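The following report describes selected features of the model shown below.

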Amino acid sequence: MNKLKFRSRLAKDKALLWAVCFLAALTAVPLFAILGEVFLRGYDQLSWSFFTEPTPTAYKAMKAIEAGEPIPGGIANGIIGTMIMLGMAVVFAVPVGILCGAYLAENPKKRFAQVVSYLTDLLQGTPSVIIGIVVYIWVVVPMKGYSAIAGSVALFIMMLPLIIRSTEETMKILPASLKEAGLALGGNNARVMLKVQLPAAFGGIFTGVLLAISRVIGETAPLMFTALGCSFIRFSIDKPISAVPLLIWEFFNDPNLQELIWGASLFLLLFVLTLNLTAKYLAKKWNQ
Amino acid sequence: MNDKLYRIILFVVALIVPIVCGGVVYALVTDAYDAFEHFGFFKFLTSSEWSYTEGSERYGALPFITGTLMTTLLALIFCIPFSLPVALFVGEYFRGTKIAAVLSTVIDLLAGIPSIIYGLWGFYTLRPIIMALNISSQGSGVLTASLVLAIMIVPYAASLSAEFIKMVPNDLKEGAYSLGATRAEIIGKIIFPVAGSGIFSSYVLAIGRALGETMTVTMLIGNTNNIPESITSTGNSMASIIANQFGEADDLRLSSLIAIGLILFLITVFINLIGKIMIKRARIV
Amino acid sequence: MESVKPILEFKKTCVSYTKQTIAVKYVSAAIERNTITAIMGPSGCGKSTLLRAVNLMHNLYQNIRVDGEILLNGENILSMEPIDVRRRVGMVFQRPAPFPTMSIYDNVLSGFVLNGIKLSIAEKDATVERCLRSVALWDEVKDVLNKKGTFLSGGQQQRLCIARALAMKPDVLLMDEPTSALDPIATKHIEELLVKLQEEVTILIVTHNMGQAMRISSKAMFMYLGELVEYGDTDTMFSNPSDGRTKAYLTGKMG
C-alpha cells in the first residue's frame, strides 16, 4: 500500500515537471510566431528605396496595385521623424534622468527623495495613452498644432522614469568605499560624483538608456495625439511629423497601403530586439 | 563647483518629477472638468450612452470601464497558466542553468515587442483562427484582445514571480525534502505559501500593465461603444476609445475622453500603488 | 541478539562533486541502534557531506555522485526512492528553519502535510503533544500552538525542527551541527535532549565541538580529508586515540 502511495506521489511530481516544461516552452512560441510572421511577410519589402523614400499617397498606391506593381515608396519620413523626436527626448531625458537618479541614490532617507521615488514609479506605471493626452493639453493646444516637439515631450516623459530608476539602481550597488575613497582624497561631493561615481556607473546607466529607447521607440498612442504624422520627409520640429509606429498604424488603417505594414514592422521589430539584446549583453559583460 | 551648489542643482532637477506628475493630474482634472460638470461625476461613470449627434450629445464611461475590466481580468486569467510555469521553470526547476537563461531572454524579448506589432499579429494571425474556430463571426472582440494582452503581460508577471520564488530560503526547501516531500509537494506547500504574497503582487503589477494597454486592444476589440454582452462580443476599453476618437473629438466629447483618461489614470495609479506596497511587504518577510 | 545487526552501515561510501574532487572516500562503518554517534573533523573533511548522503540530500543537486553502499536495516538506500528514505531518516540542519507560513502546531505535523498523509484530529493532537514533549518544548508553547514558529527563540526553533523530524518516527536522526547557531544555554538544553532521545532514535551528529561530542556521544568518528580515520567508543578515542591525526586534532594541533 505504501509503495502504491509513493508511486502516485512520484507520478504527480513528474507530471508537474512536464507540465511546467511544456507550458514554459509554449510561452516562448508567440515570440517566434511573431518574429516568423513579420519576417516572412516583410523581408521582400526591405530594399534601399524602402529606407530612402517617403510614404506614397493612397492614390499612388492604388494605381500601383491596379497595375499589379509593388507599391512605391518607403518609410523614410517615419524613420527621420522617429530619429528627430527620439534624439530630442534623449538629449533631455538622459542628463535629467541621471541627475534625478543620482539624487535618489544619494539621499535615500530624505522625505522628499522618497516622494520623488514614489512619483517616478507612478510615472512609469502611467499608461502611455494618458501621457499622449497630457502632452496634447500641455504642448499641442498652446502651440495650436501638432509638432515634433510635442512628440518628443511625450517620449521624454516616458523615458525619464526608466533612466532615473536604472541610474539609481546602478549607483546604489556601487561599493560605498568608492565614494569614501574619493572623498578621502579631498574631492567634494560634486567632484566625486562626476569623476568617480558616474563613470563607475556608466555601464549600468548606458544599458538603462538603451532599454529606455527600445521601450519608447515603438510607442504609438502618445504620438497619435502629439506628432500626428506626415506623409513627406520633414526636418522642422514645430510641424507635424511622422514616426515608424505611426506609419504602421496608418498602413493598418489604409487598405491601399496594407502591403507596407510588414516591412515597417520588420524594421521596427529588428531595431527594438537588437537594442534589447545589446543592452542585455552589455549588462552581462559589465557586471563581470 | 562647491557642494552647496551641487546639492541645489540635484534638488532642482529632482523637482522635475513632482512637477511632471502634478502637471499630469492638473491637466487631466481641468480638462475633464467640463464633462463631469455637464453630466455629473456619478452619472458620467454609470451612463452607458455614447452619442455624438450634435445637439443631443451624451457621453458615459460605463461601456469602456466595463471593457477595460473585462479585457484585463480575462488577460489575467489567460496569463496565469503560462506565467506561473515560466516562473517555476526559471526560479526553481532550472534555476541558474543555461536553459533558464535562454527562456528568460525569450521572455524579456516578448516584453520588448511594441504593442502595435502585437496588435498586428493578433489581427492577422489570431483573429482568423478565432473566426475559423467559429468562436465569433468577425473575429475581433473582448476575447481576442484579452488573449494577446495575456501574452503581453506574461513577461511582467513571470519575471517578478520568479524573483520571489528564488528568494524562498534553501533551508526551508531542504528541511521539507528531509521530511520526505517530493518537489511538487514542496512547490505546493512550501514555495507557494512562502512566496505567495510576492507572486500575488507581481500579478497586481501585471494588471496595472494590462489596464492601460492601448494599441493592441484598439486593433482587436472591435471598437463598438456598447457594454460587451459576452466575452466574444466587441466593445471598447478606456484606452481604445481614447485612441480611436481623440483625434477627431472636440469640446464636450474631447472633455469626456479626457475624463475617461483621468479615470483610467486613477485606476492604474491605485492598482500600481497596491502592487508596490505588497511587493515591499513581501520583500521584508 | 538484535544489537548485533547495525541499523545503518556505510560500505565503501564515496561522495564526489566532480571527478577530481572526492569529498568522501571509501568510508565503511556500522552504526549501532539507539546510540549517538558523533562525526568530528576539521572543516572541509567531508563530515557534513557524509551525513547528507544518508538521506540522499545529494540527489537534489546535479553533478554530485554517491558510490558504494549505505545500508539502512540491511537495505541499500542508494537504490531506494529518496522520498521513502527521507521519511525513515530525519534530518536537523545547522540553522533552525521552521516553516514560516505554518503555526507551531502545523510545523510539527509538516511531514504529514508534505507527504499528503491525512490524520484525524485526535491523532494530530496526540502527535503534536508527543513530539513537543519529547523535545521538552510542550510546556513552553502549549498555549501558543497556533502562533507562527518563527516567533520562537533560536533554541526553541531548533527544538521545533527536531520535533518536526521526530513526528515522522524516523529510524535514524541526522544532525548537522545543530547547535552551532545557538547560545550556550540553548545548546545545553539540546544536548540534554539528545541524550534522552537516543532511547527512541539512533542519532548521527556532526559537530565541530569536541566537548559536545564527549558529553553526548557513545561512539565517535574522526574524519580527515574525506577519509574515515578512526571510529570507535568516544571515551577510548578521547583518552587513547589510535591514529596520530586524531590525536593531533583532539589536542588542538590541527583544524
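**Domain organisation of chain A**

In this predicted model, chain A is divided into two parts: domain 1 spans residues 2-45 and domain 2 spans residues 76-287. Taken over C-alpha atoms, the centres of domain 1 and domain 2 of chain A are separated by 34 Å.

Contact between the two domains of chain A involves 6 residues of domain 1 and 6 residues of domain 2. On the domain 1 side, the touching residues comprise 3 nonpolar, 2 polar and 1 charged.

**Secondary structure and overall form**

Chain A contains 12 helices and 0 strands. Read from the N terminus, its elements accordingly follow the order α-α-α-α-α-α-α-α-α-α-α-α. The radius of gyration of chain A is 24 Å, whereas the globule rule gives 19 Å for 288 residues; because the computed value is well over that figure, chain A is more spread out than a compact globule.

Along the principal axes, a box of roughly 75 × 70 × 35 Å is filled by the C-alpha atoms of chain A. Burial applies to 49% of the 288 residues of this chain. As to sequence separation, consider the contacts in chain A between residues at least 6 apart in sequence: 73% of these join residues at least 24 apart.

**Backbone geometry at Leu228(A)**

Most residues other than glycine have a negative phi. Leu228(A), although not a glycine, has a positive phi of about 70 degrees. The residue lies in the loop of chain A between helix H10 (221-224) and helix H11 (244-253).

Is Leu228(A) buried or exposed? The C-beta count for Leu228(A) is 21 neighbours inside 10 Å. A residue is classed as buried when 20 or more other C-beta atoms lie within 10 Å of its own, and Leu228(A) therefore counts as buried.

**Backbone geometry at Tyr26(C)**

In chain C, Tyr26(C) likewise is not a glycine and has a positive phi, here of about 40 degrees. Tyr26(C) is placed in strand E2 of chain C, which covers residues 22-31.

With regard to its surroundings, Tyr26(C) has 15 C-beta neighbours inside 10 Å. The partly exposed class lies between the exposed limit of 12 or fewer and the buried limit of 20 or more, so Tyr26(C) counts as partly exposed.

Note on methods. Residues are numbered from 1 along each chain as its sequence is written. Chains are lettered from A and ligands numbered from 1 in the order in which they are written. This is a predicted model: local features need pLDDT of at least 70, side-chain atom pairs count only at pLDDT 80 or more; totals for chains, interfaces and linings use all residues. Helices (H or I, at least four residues) and strands (E, at least two) are DSSP runs, numbered from the N terminus. Domain bounds come from an automatic or database domain assignment. Two residues are in contact if their C-beta atoms, placed from the backbone, lie within 7 Å. Ala, Val, Leu, Ile, Met, Phe, Trp, Tyr, Cys and Pro count as nonpolar, Asp, Glu, Lys and Arg as charged, and the others, Gly among them, as polar. The radius of gyration is taken over C-alpha atoms; the globule rule is 2.2 Å times the number of residues to the power 0.38.
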